[in-house]
Amino acid sequence: MREREALFENTGRDDIILPFQIDPYGLRGRVVRLGSVIDGILGRHAYPEAVSVMLGETAALAACLAGSLKYEGVFTLQTKGDGPIGVLMADVTTAGAVRAYATFDADRVAQLDPADVAARSVPRLLGGGYIAFTVDQGANTDRYQGIVELSGRTLSECTHAYFQQSEQLDAGVLIAAGRRDDGWRAGGIMVQRLPYSRDLPGRPSEDEYDDLWRTAVTLMSSARAQELLAADLAPDQLLYRLFHQEGVRAYEAQPMTDSCRCSRERVERVLLSLNQDEIEDMKVDGALIVNCEFCKREWRYDDEALEALRKSAASPGF
Ligand SMILES: [Zn+2]
């Protein structure tokens, strides 16, 4: 991580994760700013407004939390509830590729009170259920999953319930999503408490460290949704606004991209694992159509294509 001494170098930049450090004791944090990336994802799905705002927040939250990955991998955030919105799903790779989708009941979403949508109300929009946080860092590492009930008023509050029970992460987070003149935007900020040790920068006492931690969370929580989303307030300007009295340094920003990991090879691997009856059951009008829920790409296999696939798999060298 290369350090940036000067603030304001990221002015006007969207679609980034900007890591930062709050002095004097080196608290870590991240700002997430999504512009065309989230606009692309939400525009492609064309969900109702209530679903889009919640999925935008889910993507921003996943991007905030993905920064805690230690190795190459994927961070997945998923909610499942019995409310009008059934599933919110977003995942982010270490390289910054983000994708997301939702499932919902159109009738129930249409009947939502606009005030509940404006409040991003988890009880009204998602209902009762759970939120799961999954870290997958490849075949040779343990897959880690944390699950908590949807117990807060907002997704940020639900995430704090997870932090409270987690031994992996002690943090505060704030997220926002909304439509602006130039499209959908989403953003977030997270401050992370490292375990106390005498060797922290500035060598604070435990009380001094706790004081800075509480101050940082209070300052972070004072950020308004407008500040998290505004295209004309760069992420490092936001950091300066919030933490300049303590001292804050931004590091090199990581770009985020709107890209999906689905591929023809993956689809065909799944198809080849199915038996003939399963294939027949999935056919519609004589063809098998596979859709990627995340990016909406579609693969179509008629009988001829399925036969060719079977032959190519059976031949050596494939
Ligand atoms: Zn896809």
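1. Let's start with a pair of side chains: Arg249 and Asp23 form a salt bridge, and their closest N and O atoms are 3.0 Å apart. A salt bridge here is a side-chain nitrogen of Lys or Arg within 4 Å of a carboxyl oxygen of Asp or Glu. Arg249 sits in strand β10 (residues 248-250) and Asp23 in the loop between β1 (16-22) and β2 (27-34), so this pair ties together parts that are 226 residues apart in sequence. Helices (H or I, at least four residues) and strands (E, at least two) are DSSP runs, numbered from the N terminus.

2. A word on what you are looking at: this is a predicted model, in which local features need pLDDT of at least 70 and side-chain atom pairs count only at pLDDT 80 or more, while totals for chains, interfaces and linings use all residues. Residues are numbered from 1 along each chain as its sequence is written, and side-chain values use heavy atoms, with hydrogens and water left out.

3. Back to our pair: are its members buried or exposed? Arg249 is partly exposed, with a relative accessible area of 22%, whereas Asp23 counts as buried at 17%. Buried means under 20% relative accessible area, exposed over 50%, and partly exposed in between (1.4 Å probe, protein chains only).

4. Pro24 lies in the loop between β1 and β2. Most peptide bonds are trans, and most residues other than glycine have a negative phi.

5. On the subject of phi, look at two residues. Ala46 has a positive phi of about 50° although it is not a glycine; you will find Ala46 in the loop between α1 (36-45) and α2. Ala46 counts as exposed, at 59% relative accessibility. Arg120 also is not a glycine and has a positive phi of about 50°. Arg120 is placed in the loop between α4 (114-118) and α5, and is buried, with a relative accessible area of 17%.

6. How many salt bridges does the structure hold? The count is 17. One of them joins the side chains of Arg124 and Asp116, at 3.3 Å from N to O; Asp116 is buried, with a relative accessible area of 16%.

7. Another salt bridge links Glu307 with Arg310, whose closest N and O atoms are 3.5 Å apart. These two are three residues apart in helix α12 (residues 303-314), so about one helical turn separates them. Glu307 is partly exposed, with a relative accessible area of 36%, and Arg310 is partly exposed too, with 34%. Elsewhere, salt bridges that share partners join Asp91, Arg99 and Arg261 into one network.

8. Now turn to helix α6 (residues 155-165). Its buried residues are Leu155, Ser156, Cys158, Thr159, Tyr162 and Phe163. Seen down the axis of α6, they fall within an arc of 160°, so they line one face of the helix. The arc is that of the directions from the helix axis to the C-beta atoms. On the other side of α6, Gln164 and Gln165 are exposed. What covers the buried residues includes α2 (49-66), β3 (74-81), α5 (122-125), β6 (129-136), β7 (144-149) and β8 (171-180), where contact means heavy atoms within 4.5 Å.

9. Which residues of α9 are buried? They are Pro235, Asp236, Leu238, Leu239, Leu242 and Phe243. Viewed down the axis of α9, these buried residues fall within an arc of 150°, so they line one face of the helix. Among the elements covering them are β1, β2, β9 (183-192), α7 (206-221), α8 (225-229) and β10.

10. Finally, have a look at the second largest pocket, with a volume of about 300 Å³. On a 1 Å grid over the protein atoms alone, a pocket is an open set of points where a 1.4 Å probe fits, with protein on both sides within 12 Å along at least five of seven lines; lining residues have an atom within 4 Å of a point. Grid points are joined across faces, edges and corners, and the volume is the space filled by probe spheres set on the points.

11. What lines this pocket? There are 16 lining residues, of which Cys262, Arg266, Val267, Asn291 and Cys292 lie nearest its centre. Helix α10 (264-272) and strand β13 (288-291) each supply at least two residues of the lining, and the largest share, four residues, comes from α10. The lining divides into ten nonpolar, two polar and four charged residues. Here Ala, Val, Leu, Ile, Met, Phe, Trp, Tyr, Cys and Pro count as nonpolar, Asp, Glu, Lys and Arg as charged, and the others, Gly among them, as polar.
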